[in-house]
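Have a look at the fold before reading on.

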Amino acid sequence: MNTHTETAIKTTYFSILGNTALAFIKGAAGYFGNSYALIADAIESTTDIFSSALVLFGLKYSSRPADENHPYGHGRAEPLITFLVVGFLITSATIIAYESILNIGTPHALPKPYTLIVLGAIIIWKEISFRLVMKKSKETNSSSLKADAWHHRSDAITSVAAFIGISIALFFGKGYESADDWAALLASGFILYNSYLIFRPALGEIMDEHLYDDLVEEIRKVSLTSAGIIGTEKCYVRKAGMKYHVDLHAIVDANITVKEGHDLAHQLIDTLHREIPQLGHILIHIEPNS
């Protein structure tokens, strides 16, 4: 298991433990503090536990080495897990929206003031968690870890909405009890929007969509530093898990032997792997310069 995978797995354990603690805290504070927005928040944190567990499974499975049936490795499992995580997000948003609509038309008591203190602490913790997990997702090139990071951000958003709703209800008093529920309904919309932001790049990964212009440029520059490589032509990149697989056409002197061209191709592969560690399988096609 490489360093990136180990980092991603440790980060996911952090998410699972944090979400478990927060689900209990939010649920208890919402129940005893008469806040459906907090209970809705607890529902989302509960789904976050399961989605983080899915991310953990996906990271471990996708890190398996290539075998006879999977010559490019198991990296494609990661965006598939991302789709499941998005499904959890959409499900939690739907539940929150449905329950919010029901509660808007149902008379209930005002939330307790101490729920604001609970929410304030949760918002700070969730934003810190988002930044930490997002940083790790960029370091490891993990789409599922990025989805997990957005779970933290969506949780922070729902908590902010709940904070605003409860504040309005407490400030204006009787007749504004439903502000808490309207806040939860608004939060569900944010969660759905974030679901799309997570889903779109994962879909591009599954479809081998061209999304990596900066990496292609870096590959071309590094290739020119390898002995005997005069230039490059076609360069295709597709992402699978935390690795990028590359098909590259490299231009060499037309007068060298097949053996020499073969050796230059292997030198180029070694150079690219050394200079760009996130590259996985590299296929080099040798082209003559005339």
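Is S159 buried or exposed? With a relative accessibility of 0%, S159 counts as buried, since the cut-off for buried is under 20%. Bear in mind that this is a predicted model.

## S159 and its surroundings

S159 sits in helix α5. Leaving aside residues up to four places away in sequence, S159 touches K26, D41, L119, I122 and I123. Helix α5 itself covers residues 143-172, and this helix turns up again in the next two sections.

## How α5 meets α4

Let's take the partner α4 to begin with. Helix α4 runs over residues 114-140, and its axis comes within 8 Å of the α5 axis, with a crossing of roughly 160 degrees. That angle makes α4 roughly antiparallel to α5, as it is over 145 degrees. The crossing of α4 and α5 is left-handed.

As for who takes part, the contact of α4 with α5 is made up of 16 nonpolar, eight polar and seven charged residues.

## How α5 meets α3

Now for α3, which spans residues 77-104. The axes of α3 and α5 also come within 8 Å, but here they cross at roughly 20 degrees. So α3 is roughly parallel to α5, the angle being under 35 degrees. Once again the crossing is left-handed, this time for α3 and α5.

On the α3 side, the residues in contact are E78, P79, T82, V85 and L89. Facing them from α5 are S143, S144, L145, A147, H151 and S154. Sorted by class, the contact of α3 with α5 holds five nonpolar residues, five polar ones and one charged one.

What does S195 touch, beyond residues up to four places away in sequence? The answer is V86, L89 and I90. L89 is also one of the α3 residues that meet α5. S195 belongs to helix α6, residues 179-206, and counts as buried because its relative accessibility is 2%.

L102 is partly exposed, with a relative accessible area of 41%. In sequence, L102 and D181 are 79 residues apart, yet their C-alpha atoms lie 9.0 Å from each other in space.

The UniProt entry, which is unreviewed, places the feature "transmembrane region" at residues 12-32, 38-59, 80-101, 113-134, 155-176 and 182-199. In the model, the span 12-32 is 100% helix and 0% strand, with its end C-alpha atoms 30 Å apart. For the span 80-101, the make-up is again 100% helix and 0% strand, and the end C-alpha atoms lie 32 Å apart.

The unreviewed entry also lists "domain: Cation efflux protein cytoplasmic" at residues 212-288. That span is 38% helix and 39% strand in the model, and its end C-alpha atoms are 26 Å apart.

## The α7 and α8 pair

How do α7 and α8 pack? Helix α7 (residues 213-223) and helix α8 (residues 258-275) have axes 10 Å apart and an angle of about 125 degrees between them. The two helices are therefore oblique to each other. Here the crossing of α7 and α8 is right-handed.

From α7, the contact uses I219, V222 and S223, while α8 brings L268, T271, L272 and E275. By class, the residues of the α7 contact with α8 come out as four nonpolar, two polar and one charged.

## G280 in strand β3

Last stop: strand β3, residues 279-288, where G280 is found. Its relative accessibility is 17%, so G280 counts as buried. That value falls under the 20% cut-off for buried.

Which residues does G280 touch, not counting those up to four places away in sequence? They are K243, Y244, H245 and H273.

Note on methods: Residues numbered from 1 in each chain as written. Predicted model: local features only at pLDDT ≥ 70, side-chain atom pairs only at ≥ 80, totals over all residues. Heavy atoms only, no water. Axes fitted to C-alpha atoms, helices over the stretch in contact; angles between N-to-C directions. Helix = DSSP H or I, 4+ residues; strand = E, 2+ residues; numbered from the N terminus. Parallel < 35°, antiparallel > 145°, perpendicular 65-115°, else oblique. Left-handed = near helix turned anticlockwise from the far one by under 90°. Contact = heavy atoms within 4.5 Å. Nonpolar A, V, L, I, M, F, W, Y, C, P; charged D, E, K, R; others polar. Buried < 20%, exposed > 50% of the residue type's maximum accessible area, 1.4 Å probe, protein only. UniProt positions renumbered as here; feature names shortened; annotations may be inferred.
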